[in-house]
Amino acid sequence: MNKSVALDRVCAPVPAGGAVPLPRGDDKAMLKAAANLTRDLNVARPAIYWGDMLGSALIGYGGLTIAIVANSTLLAVAAGLIAVLALYRAGSFIHEITHLKPNAVPGFYWAWNALVGIPLLIPSFMYEGVHNQHHAKTYYGTAEDPEYLPLALMHPWTLPVFLIAAALAPVGMLIRFGILAPLSMLSPGLREAVVAKYSGLQINPRFRRPFPAGDFKRRWTIQEAAASVWAISLLALVATGIVPLRAFLMFIVISSGVMFLNQIRTLVAHLWENDGEPMTVTEQYLDSVNVPPPATMPALWAPVGLRYHALHHLLPGLPYHALGEAHRRISAELDAESPYYRSNYPGLSPLVVRLAVSSWKGR
């Protein structure tokens with residue numbers, strides 16, 4: 001679990017010459033403080049959710065439109081970058097959707113799917129159930145975790161493959177929804193494979209999804225049908241020349257940028273140092289990452305509360321807009337020796353370097 005190089009952490013002393021040792025049990029003081037100090041922050045504020053998501057989507061699609069019609073290469077590139085960042089932020093609400101209690105933000109679930117999830121071919125059923133299993137205390141970091149691989153202990157070539165796969169994801173989604181989904185309605189064997197292997201935003205290739213049931217099955221069916229209609233229609237419009245090839249390629253490039261940026265963020269969401277053994281809550285926290293202020297760039301590459309990913313693993317039900325205040329309260333309460341500070345890091349680059357060096361040493 002500790003095949004890694006030492007890395008300075010924010011507000012956390014690191015033992016000389018080695019990695020930070022993980023505690024063997026849970027730190028009850030930290031867990032108690034996290035729970036007690038944030039009880040009043042658990043209510044989602046609909047105005048923030050709606051304003052943030054709608055504003056991000058509007059800017060993102062506006063940037064995409066400008067990138068498509070722009071005659072200037074510089075303008076097209078600038079608009080494309082804005083579109084990637086804004087649509088990435090809008091898309092990141094898929095994470096919130098998996099944690100929101102029903103009707104906590106009325107109408108938000110279906111509105112997000114209609115405005116963001118379906119157009120970008122990432123409907124929320126692809127994440128619901130998958131991400132929740134990642135948060136199960138007995139599953140995190142094990143072979144049963146769909147969102148975990150011991151990347152720090154794997155071969156160095158794993159990391160570039162990890163990123164390339166994300167960049168190609170939009171093409172894969174077109175194939176999944178535009179071709180495989182309708183064909184699977186005619187073949188039970190293909191349908192089983194589509195549900196098990198190609199219906200989750202996961203990184204563990206061994207994870208297999210079961211068939212949906214109950215109300216989730218209804219929501220899955222609606223979203224999958226809508227995404228299939230959109231994918232087939234888009235491909236047909238491009239094939240007939242109604243949608244120009246340039247516009248289609250720009251959409252694919254920007255979608256790839258969104259997925260690639262998310263994969264970069266995923267690379268540094270955890271330390272990826274667990275070898276498959278069950279972990280305590282404190283160990284899970286220390287294998288996760290916060291990038292709190294004063295760093296400013298995480299607002300772009302880890303939006304919608306993702307900069308507090310370790311804290312999110314302590315308090316998975318806390319709305320994203322409350323995580324900053326929760327971090328301030330907990331930091332003010334706990335002493336400097338608390339393991340809470342060991343998951344605070346200064347930025348993206350040191351984390352990427354740490355992961356690359358760890359994977360190289362563990363090859």
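Select glutamate 325 and arginine 328: they sit three residues apart in helix α15 (residues 323-333), so about one helical turn separates them. (Helices are DSSP runs of H or I with at least four residues, strands are runs of E with at least two, and both are numbered from the N terminus.) Their side chains form a salt bridge at 3.2 Å, N to O; the term stands for a side-chain nitrogen of Lys or Arg within 4 Å of a carboxyl oxygen of Asp or Glu. Glutamate 325 is partly exposed because its relative accessibility is 28%, where buried means under 20% relative accessible area, exposed over 50%, and partly exposed in between (1.4 Å probe, protein chains only).

Some housekeeping before moving on. This is a predicted model, in which local features need pLDDT of at least 70 and side-chain atom pairs count only at pLDDT 80 or more, while totals for chains, interfaces and linings use all residues. Numbering starts from 1 along each chain as its sequence is written, and side-chain values use heavy atoms, with hydrogens and water left out.

## Colour by confidence

The protein averages 91, and 93% of its residues reach 70 or more. Residues 1-23 have pLDDT below 50, and this stretch makes 57 contacts in the model beyond near neighbours in sequence. A contact here is a pair of heavy atoms within 4.5 Å.

How many salt bridges does the structure hold? There are ten. Pick aspartate 215 and arginine 219 next: their closest N and O atoms are 3.0 Å apart in a salt bridge. These two are four residues apart in helix α10, so about one helical turn lies between them. Aspartate 215 is partly exposed at 43% relative accessibility, whereas arginine 219 is buried at 17%.

Then jump to glutamate 273 and arginine 354, whose side chains meet in a salt bridge at 2.7 Å, N to O. This pair links distant parts of the chain: glutamate 273 is in the loop between α11 and α12 (281-286), arginine 354 is in helix α16 (residues 348-361), and 81 residues separate them. Buried or exposed? Both glutamate 273 and arginine 354 are buried, with arginine 354 at a relative accessible area of 6%. For a distance check, draw a line from arginine 354 to isoleucine 264: C-alpha to C-alpha, they are 14 Å apart in space and 90 residues apart in sequence.

## Into helix α11

Select glutamine 263 in helix α11 (residues 245-267). Glutamine 263 counts as buried because its relative accessibility is 12%. A polar atom of its side chain lies 2.9 Å from the backbone oxygen of phenylalanine 162. Leaving aside neighbours within four places in sequence, glutamine 263 is in contact with Phe162, Leu163 and Ala166.

## A covered helix

Show helix α5 (residues 108-117), where seven of the ten residues are buried. Those are Phe108, Tyr109, Ala111, Trp112, Asn113, Val116 and Gly117.

Most residues other than glycine have a negative phi, and most peptide bonds are trans. With that in mind, select leucine 121, which has a positive phi of about 60° although it is not a glycine. Leucine 121 lies in the loop between α5 and α6 (130-134) and is buried at 2% relative accessibility. Tryptophan 272 also has a positive phi, near 60°; look for tryptophan 272 in the loop between α11 and α12, buried at 1%. Finally, the peptide bond from proline 293 to proline 294 is cis, with omega near 20°. Proline 294 is in the loop between α12 and α13 (298-301).

Terms used: pLDDT is the predictor's confidence in each residue, from 0 to 100. A polar contact is a pair of N or O atoms within 3.5 Å; within protein, one must be able to donate a hydrogen and the other to accept it, and residues adjacent in sequence count only if both atoms are side-chain atoms.
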